[in-house]
Amino acid sequence: MYVAVKGGEQAITNAHQLLAKRRRGDTSVAALSVKQISEQLSLAVDRVMTEGSIYDRELAALAIKQSAGDLVEAIFLLRAYRTTLSRFYTSEPINTTQMQVERRISATFKDLPGGQVLGSTFDYTHRLLDFKLLAEDGIATPSASVAATTEQTSASEQASEPEPEKMTRVLKMLEREGLLVEETDDDSTPADVTQDPPTYPCDRSARLQSLVRGDEGFLLALGYSTQRGYGRNHPFAGEIRTGEVDVAITPDELGFSIDIGTIQVTECEMINGFSKLEDNDVKFTRGYGLAFGQSERKTLSMGLVDRALQAERYDEERISPAQQEEFVLSHCDNVEASGFVSHLKLPHYVDFQAELELLRRLRKENPTSAKPVTPVQEKGE
Amino acid sequence: MSAATIRDGYNFAYLDEQTKRMIRRALLKAVAIPGYQVPFGGREMPMPYGWGTGGMQVTAAVIGADDVLKVIDQGADDTTNAVSIRAFFKDLTGVETTEKTREASLIQTRHRIPEAALQEDQILVYQVPIPEPLRFIEPSEVETRKMHALEDYGVMHVKLYEDIAHFGHIATTYAYPVMVNGRYIMDPSPIPKFDNPKMHQMPALQLFGAGREKRIYAIPPYTDVKSLDFEDHPFEIQQWDESCAICGSHESFLDEVIMDDLGTRSFICSDTDFCRERGPIEESINMPVDTPIDTPIDILRETL
């Protein structure tokens with residue numbers, strides 16, 4: 001019974017036992033291992049790592065298992081663990097120009113140095129259910145879905161096992177020609193949204209951090225709204241690249257940097273409509289997206305929203321939701337949002353009672369209010 | 001039609017016959033009111049929205065077993081999405097496909113109109129992302145439908161005029177709005193404005209499909225299509241100082257390609273069939289006409 005929420009210790013214990021049972025499902029079916037999740041649901045793992053703000057495939061897979069596939073819950077679990085970890089070092093900025101590229105596409109140039117490398121992607125597959133997967137069992141060699149297009153693009157030279165390679169950035173070439181607003185490192189210490197509370201208007205570094213942690217669905221919808229006229233910014237996917245980058249730290253006692261490992265990231269650099277700058281020059285503007293793993297939808301959405309949030313910088317009218325920094329950043333975190341929305345399930349007896357009492361009194365004083373039907377229990381039968 | 005050539009378990013051209021009939025009704029209405037956006041019951045397609053689902057539904061509704069289909073994206077037959085859509089229709093209709101503009105009876109396109117003039121017996125199907133030309137001035141559909149009904153198009157001219165005030169030019173380079181048959185302002189889909197004049201009095205039937213927004217519109221053959229402009233700022237199309245590095249064309253739309261890390265640029269025709277038809281300017285450029293797999297870009301690379 002709902003009433004039992006108040007002090008219902010036994011009820012809570014029972015609910016959690018039932019949850020554990022439901023999570024496990026039919027015990028005659030083999031349990032899903034964390035390794036299987038990390039290998040075969042890798043895109044879910046990527047999303048959980050990105051929004052959970054920690055690069056650890058095993059922990060993210062564990063969180064997905066524990067949350068029975070509820071990714072927002074998994075992100076929450078990972079965040080809650082992350083916050084308990086001590087920080088040893090701040091890593092050097094990763095250099096995505098040095099990325100070992102697995103996939104790189106540009107929608108702005110048909111061909112360019114390094115070519116278009118499709119890598120692994122759902123793009124250009126026909127979304128027809130592949131019923132053969134129903135019968136897949138045990139250890140089988142993967143075969144391309146029959147629904148996938150069989151013709152190969154010849155614009156890019158694709159070997160069957162493409163060797164990762166380093167590639168020049170597309171936007172750098174436009175920068176060199178002076179056609180694109182430049183992004184430069186001003187050497188200031190970036191904000192840390194996990195340590196300091198937000199202040200608005202906020203620093204670009206704080207904004208980008210919030211967007212990386214932001215809910216993919218929310219950013220997707222906001223990015224989409226800019227494409228439909230609510231804060232339009234004429235986007236072109238200048239470059240999207242996915243691959244491994246080195247992570248380095250510089251311990252104080254050593255004084256030089258050492259590589260401690262590699263992580264897979266996806267980066268999207270958006271080229272947006274040109275604008276007249278303060279010095280009267282006219283250049284393309286840009287938006288930026290970055291995420292752990294292979295998270296293309298997220299980085300594209302982030303790029304769109306990042307550009308929309310630069311409205312003030314380019315003296316654009318700020319009338320659409322995606323252009324309101326405070327609105328976007330204070331609502332994009334799904335751990336915060338999901339927490340507060342779900343708190344409505346908590347008892348609110350007292351507050352509601354106060355409202356109830358007031359409404360009854362107001363209606364009594366108001367002669368036009370319909371006469372109440374006397375509640376059964378007050379009939380005094 | 002030989003049923004054996006079609007993927008098992010699916011109807012000819014994927015959509016069921018009821019759906020095709022619904023789309024054909026919308027098409028007939030669209031042809032009867034040139035430039036007017038007809039709402040239709042857009043269906044889910046096995047490709048993502050924004051990747052040509054509207055064009056595909058129109059193509060699926062009009063394609064017959066005798067059709068010869070050409071699919072282009074950015075003017076080229078070899079772009080990934082064109083390859084994918086062509087493979088889809090090959091798989092689900094078994095019709096003959098071609099890369100030659102003149103041989104096609106049905107051409108589905110994204111972002112370009114072929115350079116070769118189209119003929120009376122051809123149909124050009126455009127993939128449309130945002131069918132509403134007024135959308136970027138007025139986000140609300142309720143308002144824009146009213147504006148179309150009342151021919152309240154002043155805001156569009158104000159927008160173009162603001163461009164002139166800011167940049168000295170009309171700053172719209174693609175999806176440049178047109179007036180169709182002297183009545184409706186229409187979005188020509190994001191074709192470069194270079195292609196706009198080709199729509200005017202075109203002998204071929206032009207059909208436009210917007211899947212996500214669930215709108216169909218059309219320009220019947222030999223219809224007036226005028227790009228919006230001002231007396232003192234007449235409509236102009238893009239021009240290049242360069243010519244195509246392969247065929248030497250001065251009159252086609254050129255794509256910029258980057259040849260090396262220093263950003264060395266070269267230009268080639270965006271319309272691959274047009275380029276192949278003209279042939280190379282120099283003997284040294286070896287262009288194997290019969291192997292469509294060798295794209296202009298491969299040829300250019302080999303030459304350098």
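This is a predicted model: local features need pLDDT of at least 70, side-chain atom pairs count only at pLDDT 80 or more; totals for chains, interfaces and linings use all residues.
Local features need pLDDT of at least 70 and side-chain atom pairs count only at pLDDT 80 or more, while totals for chains, interfaces and linings use all residues. Residues are numbered from 1 along each chain as its sequence is written, chains are lettered from A in the order in which they are written, and side-chain values use heavy atoms, with hydrogens and water left out.

Chain A is divided into domain 1 (9–24 + 31–82) and domain 2 (96–119 + 164–182 + 192–332), with bounds that come from an automatic or database domain assignment. Taken over C-alpha atoms, the centres of these two domains of chain A are 28 Å apart. Their contact (heavy atoms within 4.5 Å) takes 13 residues from domain 1 and 15 residues from domain 2. About 1,100 Å² is buried between domain 1 and domain 2 of chain A, 50% of it on carbon and sulfur atoms; buried area is the accessible area (1.4 Å probe) that two parts lose on being put together, summed over both. On the domain 1 side, Thr50(A), Glu51(A) and Tyr55(A) lose the most area to domain 2, together 49% of what that side buries.

Two salt bridges are counted between the domains of chain A, a salt bridge being a side-chain nitrogen of Lys or Arg within 4 Å of a carboxyl oxygen of Asp or Glu. The side chains of Arg47(A) and Asp215(A) form a salt bridge at 2.9 Å, N to O. Helix H3 (42–52) and helix H5 (71–82) of chain A each supply at least two residues of the domain 1 side that touches domain 2; helices here are DSSP runs (H or I, at least four residues), as are strands (E, at least two), numbered from the N terminus. The largest share of that side, six residues, comes from H3(A).

Between the chains, the contact takes 33 residues from chain A and 44 residues from chain B. The area buried between chain A and chain B is about 3,500 Å², to which carbon and sulfur atoms contribute 56%. Three salt bridges are found across this interface of chain A and chain B. Glu213(B) and Arg228(A) meet through their side chains in a salt bridge of 2.6 Å, N to O. On the side of chain A that touches chain B, the elements giving two or more residues are helix H7 (170–176), helix H9 (216–227) and strand E3 (258–276) of chain A.
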